[in-house]
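Hi everyone, thanks for making time this morning. Please have a look at the structure on the screen, and then I'll walk you through it.

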Amino acid sequence: MTHPSPISDIAMIGLGVMGKNLALNIADHGYHVAVFDVDKLKVNAVINQEAEERATITGGDKTAARMTACDSLKMVLEKLAKPRALVLSVPAGAPVDGVCQSLIEAGIEADDIVIDTGNSLWTDTVAREAQYQGQFIFFSSAVSGGEVGARFGPSLMPSGDPAAWQHVAPIWEAIAAKVDANTGLPIERFEAGNPVLEGEPCTAYIGPAGAGHYVKMVHNGIEYADMQLICEAYQLLKDGLGFSALQISEVFSTWDKGSLNSYLMNISAKVLQQADPLSDKPLVEMILDKAGQKGTGLWTAVSSLQIGCPAPTIAEAVYARAVSTQKPLRQALSTKLAGPTLASNPDPSPQLSEQDRQAFIDALEDALYCAKVCCYAQGFQLMAMAGAEQHWQLNFAEIAKIWRAGCIIRATFLQSITQAYVENPELTHLLLADSFNQSLSARQMQWRRTVCAAVMQGTPAPCITSALAYYDSYRCETLPANLLQGQRDFFGAHTFERTDKPAGEKYHFNWSDKKPSLTKV
Ligand SMILES: NC(=O)C1=CN([C@@H]2O[C@H](COP(=O)(O)OP(=O)(O)OC[C@H]3O[C@@H](n4cnc5c(N)ncnc54)[C@H](OP(=O)(O)O)[C@@H]3O)[C@@H](O)[C@H]2O)C=CC1
Ligand SMILES: O=C(CO)[C@H](O)[C@H](O)COP(=O)(O)O
């Protein structure tokens, strides 16, 4: 005799990398999950995995399973407690609207909640909340953490209707990554059926519709820059010191124990350690140097340009991926464009003493730290400017807190950012926090040494270099924009303000007239 499946607490629609693992994570916390995917094999796979894991935990109790397989969205709706909560984990863009439309056709009700966890464009989320009003509540919760994070504790960035958040919050707080409240360090346990229950959850209500996806977008922009910075360090060590992948892995592992400790540094060391199963070489050397992207870094760079918030390190990281994809052009130009090593110094590495090599590594460590602080400063300033424009009232201490564990950019360093915003919630720029401006001031000469070395050895380091230009731009009380304003006024009568007159008072100079004159406009 078969038992009728129980009423589910929540549904997961889309059982790919993220959806499957989020569903298993939710079930581990005692909730019953109805699962659906257009691909029935994925439904069966997650149902079987959950049943097996639950049976192992309960000593073979086959009735303990906490998932119900659904073969249609109508069945999903029938299996859910009301008001229904449905999580979408489908590719961003048209599939989100496709599922929403199908849910309307299947009979979703006005007080049901649809939670989009994909990397949707934040303006789409704002539009969707309005579009589906009256048919269901469109809520969003961006997720970071990849496959393992989704399974054992991601960072979750919910936004939208506050009443919907009240409904979703207990589940979200349960499944989110946890940090030790005193140290800010992640509490991690990667065991099915034995989730982390203690500690502060890495989730917090971010704000109205779109705010969570904007914050996640910036998270990914920072992620792009952080990854590119590590890649630049890899190339500098490889080309500058002639280090092998294993030697670089050791350097990264050492750095991971210090102020550069982060998930991305940790996994980079592991990637570099891996041998290729098909050859004797390190796997990293067999991976084609063409980077993919799905758009969130690009959106961050575009938003920074639209808002007028300088985020050059993030933009350079997007460009670096673009240059990487132009492999045929790089192949052609690699034999045509001269570099410093071709002229006078064919292989600088053997000439360096052990002491010089260590000095190079130490300078690079400081350079990476400084550039990393700058890319976070860019991301936080961008969120501040967008938040002000959209009236979101973002809480930056909370945002830094929920990035301390679970997400891809998790790093010890985020505790210092949290502290900076806890001490001064009105902080307008991260570099105004003394802890950061002092540590950058102390290390900036090392940063310059690295940039000089990169330039002189002809190794591209666009993020490390652009971050230094960013730092130096903010160090300048006076920039050459006075000349730029003169140029604009010369060719287009675009006017300028004067240093000795009140702000907002505009002047034009008749540069080309026979009798040049200054007029107040
Ligand atoms: N992978 C990651 O590390 C992260 C991803 N994200 C975001 O989360 C979302 C999901 O990502 P990910 O899990 O990697 O993607 P996947 O492609 O692995 O999974 C998406 C799943 O949704 C299914 N699907 C597509 N359309 C429908 C539909 N109409 N109804 C039901 N199921 C559907 C797909 O089936 P099929 O393959 O058969 O089309 C697939 O199984 C994306 O927006 C992504 O950007 C966010 C954070 C991290
Ligand atoms: O959101 C994420 C992590 O936070 C995803 O891993 C994201 O898809 C990575 O982006 P891209 O594919 O553009 O590198």
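Let's begin with strands β1, residues 10–13, and β2, residues 33–36: they run parallel and are joined by four bridges. Keep in mind as we go that this is a predicted model. Within this pair, M12 has V35 of β2 as its bridge partner, and I10 stands opposite V33, also in β2.

Now, is β1 covered on one face or on both? On both: I10 and M12 are buried on one side, and A11 and I13 are buried on the other.

Let's zoom out to the whole sheet. It is an open one with seven strands, and you can read their order as β3-β2-β1-β4-β5-β6-β7, with mixed pairing. The edges are β3 (67–69) and β7 (155–159); each has a single partner strand, so one side of each is left without a neighbour in the sheet. If we ignore direction, neighbouring strands here are turned by 25° against each other on average. Helix α2, residues 40–58, packs on this sheet, where the helix touches β2 and β3. The direction of α2 makes about 155° with that of β3.

There is another sheet to find. Three strands form this open sheet, in the order β9-β8-β10, and the pairing is antiparallel. Here β9 (186–187) and β10 (200–201) are the edge strands, each with a single partner, so one side of each has no neighbour in the sheet. Strand β8, residues 178–179, pairs with β10 over two bridges. One detail to pick out there: V179 has E200 in β10 as its bridge partner.

Next, the ligands. Around ligand 1 there are 24 residues, and those that come nearest are G14, G16, M18, G118 and N119. Which elements supply at least two residues each to this shell? They are α1 (17–28), α4 (94–106) and β6 (137–144). By class, the shell around ligand 1 has 11 nonpolar, nine polar and four charged residues.

Moving to ligand 2, the residues around it include N119, S144, N220, E223, K294 and I408. Two or more residues of that shell come from each of α8 and α12 (296–307). The shell around ligand 2 has one nonpolar, eight polar and two charged residues.

I'd like to finish with two positions in the record. UniProt, in an unreviewed entry, places the feature "active site" at K216 and E223.

Why does K216 count as buried? Because it has 28 C-beta neighbours inside 10 Å, and 20 or more is what a buried residue needs. E223 counts as buried as well, because it has 23 such neighbours inside 10 Å.

Finally, let's see what these two touch, leaving aside neighbours within four places in sequence. For K216, the contacts are N119, A142, S144 and M157. For E223, they are I408 and I409.

How values were computed. Residues numbered from 1 in each chain as written. Chains lettered and ligands numbered in written order. Predicted model: local features only at pLDDT ≥ 70, side-chain atom pairs only at ≥ 80, totals over all residues. Near = placed C-beta within 6 Å. Nonpolar A, V, L, I, M, F, W, Y, C, P; charged D, E, K, R; others polar. Pairing = 2+ DSSP bridges. Axes fitted to C-alpha atoms, helices over the stretch in contact; angles between N-to-C directions. Contact = placed C-beta atoms within 7 Å. UniProt positions renumbered as here; feature names shortened; annotations may be inferred. Buried ≥ 20, exposed ≤ 12 C-beta atoms within 10 Å, placed from the backbone.
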